[in-house]
Amino acid sequence: MKYFPLISAFILLIFFFTSCRHVSDSGSTSIQEQDSSVLYVPDGLEAHIWAESPLFHNPTNIDVDIRGRVWVTEAVNYRNFNNDSTTRLHHPKGDRIVILEDTNGDGKADASKVFVQDEDLIAPLGIAVIENKVYVSCAPNLIVYTDEDGDDIPDKKEIFLTGFGGLDHDHSLHSILAGPDGKLYFNTGNAGPHQVTDKSGWSLRSGSIYAGGSPYNKNNTPGLKSDDGNVWTGGLGLRINPDGTGLEVVGHNFRNAYELAVDSYGNMWQNDNDDEVQGCRTSWIMEKGNAGYASADGSRTWRADRRPGQSIPIAHWHQEDPGVFPAGDVTGAGSPTGVTVYEGDELGESFRGLLLSADAGRNVIFGYHPEAVGAGFKLKRTDFISSLRETTEDYIWNEKLTDTKKWFRPSDITSGTDGALYIADWYDPIVGGHVMDDTLGIGKIYRIIPKGKNLQAPKINLENTEGQILALLNPAVNVRYSGYTRLKDSGSKAMVQLQEVLQSENPYHIARALFLLAEFPEGVMEVVNSLSNENSQLKVAAVRALRNAGKLDDKILLKLSKDKSEVIRREVAIALYDKPFTGLYKAALINVAQSLDENDKAYIEAVGTGAKGKEAALYQSLLTINGKDPLKWSKPMAAITWRLHPESSIPELKKRAMAETLSEDERKQAITALGFIEDKDAATAMFELTKNALPDVSQQANWWLTYRKTNTWYHHEITGWKKPVDNLEKNSELVSLKDQLLLIGLPLEDKIKIAGKLAEDSPGSLILIGLAAQNKINDEVKNSVSEAILKNPDRTVQALGKRYFIYDEKETVSNEKILGNKGDPELGKILFISNCGYCHKVDGVGAETGPELTMVKNKYDEKRLLEAIVFPNKGVEFGYEPTIITTKDGAAVLGFVYTDGKIIVLKNQFGQMHTIDSENVDMKINLNASIMPDAQLLQLNEEKLSHIVKYLMTL
């Protein structure tokens with residue numbers, strides 16, 4: 001068997017990060033000796049450290065209460081499964097929630113107190129302070145601590161919701177925030193399955209193919225159905241009533257959107273992340289929309305679904321699939337974290353409405369002024385706040401280990417009651433990897449204010465209308481909620497004050513008033529009148545406010561379905577999601593479909609959302625209007641058919657796919673739509689297209705047929721085509737030996753003989769590794785075969801053997817010597833291409849088994865790159881934990897699962913694809929290990945490593 005390439009697996013498993021955690025050198029350096037990071041901010045603003053350790057440690061999330069105090073979730077006990085608690089800061093009684101306060105108003109925190117320390121808090125990732133309730137997000141639980149007497153000590157603890165996957169995992173439950181509609185919003189990553197029941201008994205079930213990242217996240221389940229009958233996939237955006245009822249999904253199929261932001265218009269924003277160079281993004285969330293990370297049912301990775309000719313960003317977020325909303329701004333490699341919308345005036349009008357997206361991996365907080373384009377948004381990115389100059393060599397790692405420019409790791413950003421921006425900074429050299437070398441738990445909180453000003457937190461009295469209005473208009477999102485609830489409870493007593501708010505120069509203030517006015521009979525007409533506002537976003541807020549209050553009737557929807565604004569027609573389509581296809585609702589949906597722009601993906605998806613469950617009926621209505629000859633369809637008609645793709649459209653799609661009179665792109669559109677219809681007739685039509693004389697048609701049809709045989713068309717029996725047959729080498733004796741080895745009561749000497757027989761080749765060794773990973777063989781048996789496994793010619797087997805048989809990672813090369821060696825990037829290029837090009841592409845050269853590495857310098861410094869080579873098992877990255885599968889007929893294979901369902905598609909370390917019928921699986925073991933051989937196994941010396949690393953750092 002071929003040897004596994006020298007470095008490629010290491011980079012595959014270690015380089016690309018998606019978590020918010022990072023690794024530090026600070027264990028040998030005191031807090032006082034650390035340099036304060038210099039932050040570059042826009043002209044007119046200034047940044048200063050508002051608080052730092054030891055007032056708190058390891059901040060993952062922050063919120064601001066009505067008194068202007070900052071609350072911090074700490075993650076000192078981050079990744080306990082991977083760290084030695086005796087050598088670092090550790091809280092044996094659980095992680096903490098800390099309150100920070102500036103008691104003298106000098107612009108810097110001078111007081112710190114622990115609100116709660118709880119054994120149930122293991123690296124919590126979210127906090128929301130809403131009046132006397134403190135919501136803490138810590139999978140599997142969303143916990144509410146209630147301080148009934150205001151003494152900053154919780155009097156009651158309640159498990160508000162439970163059942164979220166992702167214990168001690170970054171892809172888990174994130175922070176709550178209050179929306180302008182009086183509901184609570186939050187999200188969770190794809191470390192499922194999530195099986196959660198709200199207080200009314202409604203159950204959410206969401207899973208995907210994703211597993212790994214921690215020993216608690218071994219299994220996940222795609223294709224789960226919730227009580228609403230929908231298959232919600234992976235990471236989720238969620239909404240719930242404050243009393244714990246009414247849980248609903250507002251968006252799904254994220255990977256790990258770290259936080260959700262909801263502006264006062266009701267727009268939702270997120271920053272999802274992944275491990276590819278081109279993987280991270282900031283985007284607007286279409287309500288009920290599919291974010292496009294995995295297949296729609298979660299059973300396949302984007303790699304499994306990638307079509308010929310698709311770029312990584314397009315394939316990664318399934319941007320050419322019907323049913324997926326626009327990806328937004330794809331930012332590249334990074335580790336996105338907190339996100340917020342600044343709606344205050346205190347920083348200056350030019351910053352009002354700024355969408356702020358923190359990226360800990362890039363040492364930056366991106367800034368966007370979302371621009372409404374068509375039915376969606378255009379996001380033009382700027383580096384709003386960063387520790388690096390945008391146009392200088394600061395973006396390249398300084399070789400000196402004392403360089404701290406890249407230690408700025410923003411984990412969250414939020415608005416204070418004073419109008420300042422507060423930034424939680426984990427402050428460390430690097431992010432990701434489920435590893436923590438920082439022994440001190442250093443953290444900082446920055447405050448961003450207008451230059452030369454010291455903003456003061458207002459004193460807000462919620463006992464009177466004036467104070468309630470003041471709270472409603474505050475920049476701090478959860479403080480606004482206190483004003484909302486008090487004003488709503490007061491009935492229409494505040495009508496005059498709310499009408500005055502409608503005259504505000506700040507449109508976000510107006511939007512908040514609209515959501516409240518819609519709740520009062522006397523205020524509904526004010527909201528209806530706002531539907532004629534020239535500001536399209538205020539019109540959107542009015543539509544959402546009426547809908548939230550149950551006042552958006554069919555007559556209003558019909559009228560708005562002909563509105564000149566695409567964003568209003570988009571909202572009409574979304575509002576029709578749960579409406580029947582009858583009467584005025586039917587007319588309204590037809591109207592918005594008829595005014596579709598074929599180039600506006602957001603609009604197309606909105607119509608598809610509104611047509612959920614009634615696609616065939618809408619298609620037939622449009623067919624009647626637009627004519628039944630598919631070759632005479634307009635481009636909008638072809639686009640909406642692509643999105644709806646009901647079974648009844650198969651004849652028309654097939655005809656368009658074969659039409660020489662249509663362009664290649666138009667034929668491709670029809671073929672793609674056929675590929676998303678699960679019906680047997682679609683598979684038959686695609687098979688017939690493989691015989692078409694047009695090369696573009698036959699080639700695409702052949703691809704779709706081969707691809708769909710492993711998933712949605714697998715169960716169809718089509719004359720003339722065969723289902724995929726696996727090409728694995730089989731040995732029935734392997735299964736027999738494995739079963740004998742597991743017999744209870746078998747003498748030890750017999751077990752040792754059987755294990756020795758299995759260790760004679762790679763498939764048998766993989767079986768032993770799988771059993772060892774499950775703790776199904778004892779030490780005596782493991783010791784008896786350790787030498788044989790470590791001498792296996794397959795270096796992947798050697799690497800895993802070291803992990804599960806003689807786990808002993810001793811340093812065999814000197815990082816100091818390597819860092820002291822200048823290194824030759826030209827030699828490094830030769831070494832990299834010859835050893836790593838089997839799996840990785842750099843500057844267009846190499847394979848794509850692993851991630852592209854062209855932009856590695858934006859993520860790593862040299863020291864961390866080297867540590868990962870020497871200690872490959874120290875941090876196995878998300879999505880790259882290998883899986884061992886053995887079959888009932890005696891095959892064994894190792895690789896990365898691309899599809900998990902009736903057919904399992906697995907890509908091995910050499911790039912070969914294997915298809916395995918799940919009914920033939922004997923064992924399926926997810927390993928929490930790296931398949932990268934360490935430096936000792938690879939026989940890498942300091943000189944070779946310095947060349948390779950220098951090449952990667954100078955690309």
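1. Helix H21 packs against helix H23 through named residues on both sides. From H21 come Leu-748, Lys-751, Ile-752, Ala-755 and Gly-756; from H23 come Glu-780, Val-781, Ser-784 and Val-785. Contact here means heavy atoms within 4.5 Å. Helices (H or I, at least four residues) and strands (E, at least two) are DSSP runs, numbered from the N terminus. By class, this contact holds 5 nonpolar, 2 polar and 2 charged residues. Ala, Val, Leu, Ile, Met, Phe, Trp, Tyr, Cys and Pro count as nonpolar, Asp, Glu, Lys and Arg as charged, and the others, Gly among them, as polar.

2. On provenance: this is a predicted model, in which local features need pLDDT of at least 70 and side-chain atom pairs count only at pLDDT 80 or more, while totals for chains, interfaces and linings use all residues. Residues are numbered from 1 along each chain as its sequence is written, and side-chain values use heavy atoms, with hydrogens and water left out.

3. Geometry of the helix pair. The axes of H21 (residues 748–758) and H23 (residues 779–790) come within 9 Å and cross at roughly 40°. Axes are lines fitted to C-alpha atoms, for helices over the stretch in contact; angles run from 0 to 180 degrees between N-to-C directions. The crossing of H21 and H23 is right-handed (the near helix is turned clockwise from the far one by less than a right angle).

4. Pairing requires at least two DSSP bridges between two strands. Inside, E3 (residues 70–74) and E4 (residues 95–101) are antiparallel over 4 bridges. Thr-73 has Ile-97 in E4 as its bridge partner.

5. Another open sheet of 4 strands runs E17-E18-E19-E21, again with antiparallel pairing. Its edge strands are E17 (260–262) and E21, each pairing on one side only. Here the twist averages 20° from one strand to the next. E19 (residues 280–285) joins E21 through 3 bridges.

6. Gln-319 sits in the loop between H3 (312–316) and E21 (329–332). Is Gln-319 buried or exposed? Gln-319 counts as buried because its relative accessibility is 15%, and buried means under 20% relative accessible area (1.4 Å probe, protein chains only). A polar atom of its side chain lies 3.2 Å from the backbone oxygen of Phe-325. Beyond four places in sequence, Gln-319 touches residues including Pro-313, Ile-314 and Lys-601.

Key. Buried means under 20% relative accessible area, exposed over 50%, partly exposed in between (1.4 Å probe, protein chains only). A polar contact is a pair of N or O atoms within 3.5 Å; within protein, one must be able to donate a hydrogen and the other to accept it, and residues adjacent in sequence count only if both atoms are side-chain atoms.
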